[in-house]
Amino acid sequence: MRRTTLALTIAAALISAACLQKDTTSTIYLRQDGSFDWVILEQNVRSDGQDEASRLSEEAGYVDGISRGDTGVVNSLLALGGEDVRVQWLRSRRPYAAMVDARF
């Protein structure tokens, strides 16, 4: 019974938690020498939080990460062996858009 209650509580928290909504496009540009650029475009980034304070807080975390070049996408590309990982703002106000480019 306790496990069921705990599972339901966690599920309810996850469902009600705000999260960033975004459209992501991933493109790989292959070169003749076998190397490639992996470009990830995140656009229409916005929070779906219920109240303005939670939306602003979540979006501020995204803006800070992109501005510092420290996001999950950047860290993942580096972990995969990406070199010269670059982050570029395409739109720095809501809804946000950013591009991450890595060379492999």
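User: First, what kind of model is it, and what pLDDT does the chain average?
Analyst: It is a predicted model. The chain averages a pLDDT of 88, and 83% of the residues score at least 70. Over residues 6-16, however, the pLDDT is below 50, and this stretch has zero contacts in the model beyond near neighbours in sequence.

User: On to α2. How many residues does it have, and what is its reach from first C-alpha to last?
Analyst: Helix α2 covers residues 52-68, which makes 17 residues. From its first C-alpha to its last it reaches 24 Å, close to the 24 Å expected at 1.5 Å a residue.

User: Which residues of α2 are buried?
Analyst: They are E59, Y62, G65 and I66. Viewed down the axis of α2, these buried residues fall within an arc of 115 degrees, so they line one face of the helix.

User: Why would residues spaced like that point the same way?
Analyst: An α-helix has 3.6 residues a turn, so residues three or four places apart point the same way.

User: What do the buried residues of α2 pack against?
Analyst: They pack against four strands: β1 (20-30), β2 (36-47), β3 (83-91) and β4 (96-103).

User: And which exposed residues are on the face turned away?
Analyst: That face of α2 carries the exposed residues A53, S57, S67 and R68.

User: What is found at the start of α2, and what comes just after it?
Analyst: At the start of α2, a side-chain oxygen of D51 comes to within 3.3 Å of the backbone nitrogen of A53. Just after the helix, G69 adopts a positive phi of about 75 degrees.

User: Back to Y62. Which residues does it touch?
Analyst: Leaving aside residues up to four places away in sequence, Y62 touches L20, E42, V45, W89, Y96 and A98. Y62 itself is buried, with a relative accessible area of 9%. Y62 and Y96 are 34 residues apart in sequence, and their C-alpha atoms are 9.1 Å apart in space.

User: What joins the side chains of Y62 and E42?
Analyst: A polar contact of 2.7 Å joins them.

User: Where is E42 found, and is it buried or exposed?
Analyst: E42 is found in strand β2. E42 is buried, because its relative accessible area of 6% is under the 20% cut-off.

User: Which other residues does E42 touch?
Analyst: Not counting residues up to four places away in sequence, the contacts of E42 include K22, D23, T24, I66, V73, Y96, A97 and A98.

Technical notes. Residues numbered from 1 in each chain as written. Predicted model: local features only at pLDDT ≥ 70, side-chain atom pairs only at ≥ 80, totals over all residues. Heavy atoms only, no water. Helix = DSSP H or I, 4+ residues; strand = E, 2+ residues; numbered from the N terminus. Expected span 1.5 Å × (residues − 1). Buried < 20%, exposed > 50% of the residue type's maximum accessible area, 1.4 Å probe, protein only. Arc of directions from axis to C-beta. Contact = heavy atoms within 4.5 Å. Polar contact = N/O pair within 3.5 Å; in protein donor to acceptor, adjacent residues only side chain to side chain. pLDDT = per-residue confidence, 0-100.
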